[in-house]
Amino acid sequence: MADELDELINFLSDRNPQVRNAAVDIVRGLTGGEDGLRALTARADRALPALLRLLASAGGSGAGEAAADSLVNLSQDAGLATRLVGLGAVEAAMDVMTKRAAEQPGLARSLVMLLVNLTHVESGVAALLQVGDEKVQGLYVAKLVRSFCRSSSDSEEQDTFEHVASILVNISKVEAGRRILMEPKRGLLKQIIRQFDSTNQLRKKGVAGTIRNCCFEADTQIQSLLPLAEYLWPALLLPVAGKKIYSEEDRSKMPLELASALSHEREAVEDSEIRQQALEAIYMIILQDDGRKSFWSVNGPRILQVGYEDEEDPKVMEAYELIGSLLVGRGEDEQEQGEKPQ
């Protein structure tokens, strides 16, 4: 078996494309099981470079997709993911995706999933952010956000770029990633926030997690967040607003988008993690004076009061209560100072 596997890996670099195609199909099958993954991991020094070469050179054939699928499965191991980053897998994935996404959406989807795995390791995040090269830093991220926002699960049988949501969560866990996403000139965070309206739960959850992570910068970047209030507050408040119809008096103190959404019954956001992330983001924003003023200006406290009445998850209730404890004693002063809804 060992000799046969070594020979199979050799076939990945064969001059005959039919031989390469057959070999990579077998490798893809092997990576779908624990025994195959274990055997290939033991030969990673030869298997990983061969698969990356095949990915880059396969053109429009199915071999590229098979190589990408194999790499996705292998990169679930953090050690192999780190080795792949060192071999230039992030750069290869972005290059192939840029060239072939339109003609091969299945390949592009696999490459996005590969990047999800690679950005679970620190070196993968740094490679995707292009840290250290100021001329191109953030270029890969901008390309992914553009593709993420252009595609839609509502208009395609398969949402090719939906897993970009998970990449955004991964890169926003580090300060360098948050700074790139929040840079006003790039406008990336604004584009991402607007994807919260998607019916795709993976997108919605990724957007919520990304916003929450970016709000860790609220103490120094509040002036980068508040210009996005028109999009930010609906994304954060609607998931935690409950299902009730709000009174006309309550809605009169809100901006139009919130008031309109809360004028009728809504389906609840079932994912408790999304609700908790939204509340954690709100908390970090209102720790800042300007953030609290903005929160009051959209009648945020009333929205959370009503939403809390419908909440049943203990952890989410704790997140509501944490915000409430912060606002106690500041309510009247903040309400007087808050800006009027636009």
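Student: At what angle do the axes of helix α4 and helix α6 cross, and within what distance do they come?

Tutor: In this predicted model, the axes of α4 (residues 44-57) and α6 (residues 78-86) cross at roughly 55 degrees and come within 11 Å.

Student: Why is α4 called oblique to α6?

Tutor: Angles under 35 degrees count as roughly parallel, and 65 to 115 as roughly perpendicular. The crossing angle is roughly 55 degrees, and therefore α4 is oblique to α6. The crossing of these two helices is right-handed.

Student: Which residues make the contact, and how are they classed?

Tutor: Helix α4 contributes Ala-44, Asp-45, Leu-48 and Leu-52, while α6 contributes Leu-80, Arg-83 and Leu-84. By class, five residues are nonpolar, none is polar and two are charged. Asp and Arg count as charged, whereas Ala and Leu count as nonpolar.

Student: What makes Phe-196 count as buried or exposed?

Tutor: The relative accessible area of Phe-196 is 7%. Buried means under 20%, so Phe-196 is buried. Phe-196 is found in the loop between α13 (188-193) and α14 (201-214). Beyond its neighbours within four places in sequence, Phe-196 is in contact with Lys-204, Val-207, Ala-208, Ala-235, Pro-239 and Ile-274.

Student: How do you know whether Arg-292 is buried or exposed?

Tutor: Arg-292, in helix α20 (residues 289-297), has a relative accessibility of 5%. With the limit for buried at under 20%, Arg-292 therefore counts as buried.

Student: What makes the pairing of the Arg-292 side chain with the backbone oxygen of Leu-287 a polar contact?

Tutor: A polar atom of the Arg-292 side chain lies 3.3 Å from that oxygen of Leu-287. The cut-off is within 3.5 Å, so the pair at 3.3 Å qualifies on distance.

Key: Residues are numbered from 1 along each chain as its sequence is written. This is a predicted model: local features need pLDDT of at least 70, side-chain atom pairs count only at pLDDT 80 or more; totals for chains, interfaces and linings use all residues. Side-chain values use heavy atoms; hydrogens and water are left out. Helices (H or I, at least four residues) and strands (E, at least two) are DSSP runs, numbered from the N terminus. Buried means under 20% relative accessible area, exposed over 50%, partly exposed in between (1.4 Å probe, protein chains only). A polar contact is a pair of N or O atoms within 3.5 Å; within protein, one must be able to donate a hydrogen and the other to accept it, and residues adjacent in sequence count only if both atoms are side-chain atoms. Contact means heavy atoms within 4.5 Å. Axes are lines fitted to C-alpha atoms, for helices over the stretch in contact, and angles run from 0 to 180 degrees between N-to-C directions. Angles under 35 degrees count as roughly parallel, over 145 as roughly antiparallel, 65 to 115 as roughly perpendicular and the rest as oblique. A crossing is left-handed if the near helix is turned anticlockwise from the far one by less than a right angle, and right-handed if clockwise.
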